[in-house]
Amino acid sequence: MESSKKLNGAKRRHTASNGNSKAERVNIIEEEQNPKASKRRKSEGLVSKSSSFLDKMKAKLSGGHFRMLNEKLYTCTGEEALEYFNDDPTLFDAYHAGYQEQMSHWPELPVNIIIKWLKDHSLSLVVADFGCGDARLAKGVKNKVFSFDLISNDPSVISCDMSNTPLGSSSVDVAVFCLSLMGTNFPSYLNEAHRILRPRGWLLIAEVKSRFDSNTGGADPKKFTKAVCDLGFTSVAKDYSNKMFILFYFKKKVEQNSKNKDIDWPELKPCLYKRR
């Protein structure tokens, strides 16, 4: 029996020396000398592969969950979204985890541009951040910031429907919508921003570029700008330089129209993420 093992080992070493790399020959010799350690290494390798497979499956499930929640937010009203997340607040956490993963692929984030814009202006400006998420804007500036979202996981965030905030009329200087014009009733959010802004107050809107690509079913940015102006704003600037998003800068007019005319709001197509 012993001589048979030695013979087999010799054959394996002879084969290894002829056809395998140096590393493979070392592994074969180690297997003969310490078979238990060899089995352990193989077992650890299988566990590592299994763990990697499970991680990939979890990521796919998480991504699918995010896409479902994202589509829900784009295709319902703000009031319906508020009720939906209030019924199960963990869904809000799942959505924002998926959102952060998506944002990690963007070369530049619009919230950082808005933070820089605020830093270039007076610290006395009071800001309302509609759809604040993790309140990154408030954490990035020294201004007084009212942060609004559907669910509050942070004492600084006010949970509400964005068409009905608890702020008084003409109480803030800057209203921000950073990738947050999601509900089918988004014009009511802009109406609320108009209500709480002081005359000459700023309205800053950052939105995904594809939502304003009329060649692919998106809204005409000129029509959107006209609708916002009909609400009582003046268009100051538009920034198309980023390949992922557009930035709109408006100021609230001092003199408001006395008549409430019907505004022709364009439909903003949902921003639906593809499977990766």
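**Ground rules.** This is a predicted model, so I keep to its limits: local features need pLDDT of at least 70, side-chain atom pairs count only at pLDDT 80 or more, and totals for chains, interfaces and linings use all residues. Residues are numbered from 1 along each chain as its sequence is written, and side-chain values use heavy atoms, with hydrogens and water left out.

**Overall.** I looked up the fold elements and got 9 helices and 7 strands. Helices (H or I, at least four residues) and strands (E, at least two) are DSSP runs, numbered from the N terminus. Of the 276 residues, 41% are buried. My cut-offs: buried is under 20% relative accessible area, exposed is over 50%, and partly exposed is in between (1.4 Å probe, protein chains only). The protein exposes about 15,900 Å², with 52% of that coming from carbon and sulfur atoms; areas are by the Shrake-Rupley method with a 1.4 Å probe, and for residues only the protein chains shown count as cover. I also checked contacts (heavy atoms within 4.5 Å). Among those with a separation of 6 or more, 65% join residues 24 or more positions apart.

**Salt bridges.** How many salt bridges does a search of the whole structure find? I get 8, taking a salt bridge as a side-chain nitrogen of Lys or Arg within 4 Å of a carboxyl oxygen of Asp or Glu.

Arg 136 pairs with Asp 134 at 3.7 Å, N to O. Arg 136 is partly exposed at 31%, and Asp 134 is partly exposed at 34%.

Next I took Lys 139 and Asp 154, whose closest N and O atoms are 4.0 Å apart. Lys 139 is in helix H7 (residues 136–140) and Asp 154 in the loop between strands S2 (145–149) and S3 (157–159), so this pair ties together parts 15 residues apart in sequence. Lys 139 is exposed at 59% relative accessibility, while Asp 154 is partly exposed at 23%.

Are Arg 211 and Glu 207 buried or exposed? Both are buried, and their salt bridge has its closest N and O atoms 3.1 Å apart.

**A buried charge without a partner.** Asp 161 is in the loop between S3 and strand S4 (172–178). Asp 161 is buried but has no salt bridge, and the nearest side chain of opposite charge, Arg 195, is 11 Å away. Here Lys and Arg count as positive and Asp and Glu as negative, with His and the chain ends not counted; a charge is placed at NZ of Lys, CZ of Arg, CG of Asp or CD of Glu. Neighbours within four places aside, I find Asp 161 touching Gly 78, Glu 79, Leu 82 and Tyr 189.

**Negative patch.** Glu 79 turns up again here: with Glu 80, Glu 83 and Asp 87, Glu 79 forms a negative surface patch. Patch residues have over 30% relative accessible area and no salt bridge, with like charges joined within 9 Å and nonpolar side chains (Val, Leu, Ile, Met, Phe, Trp, Tyr) within 5 Å. I looked up Glu 80, which lies in helix H4 (residues 78–87) and is partly exposed at 43%.

Lys 269 is in the segment after strand S7 (245–252) and is partly exposed at 23%. Lys 269 and Thr 75 are 194 residues apart in sequence, yet 9.3 Å apart in space, C-alpha to C-alpha. Leaving out neighbours within four places, the contacts of Lys 269 include Ser 210 and Arg 211.
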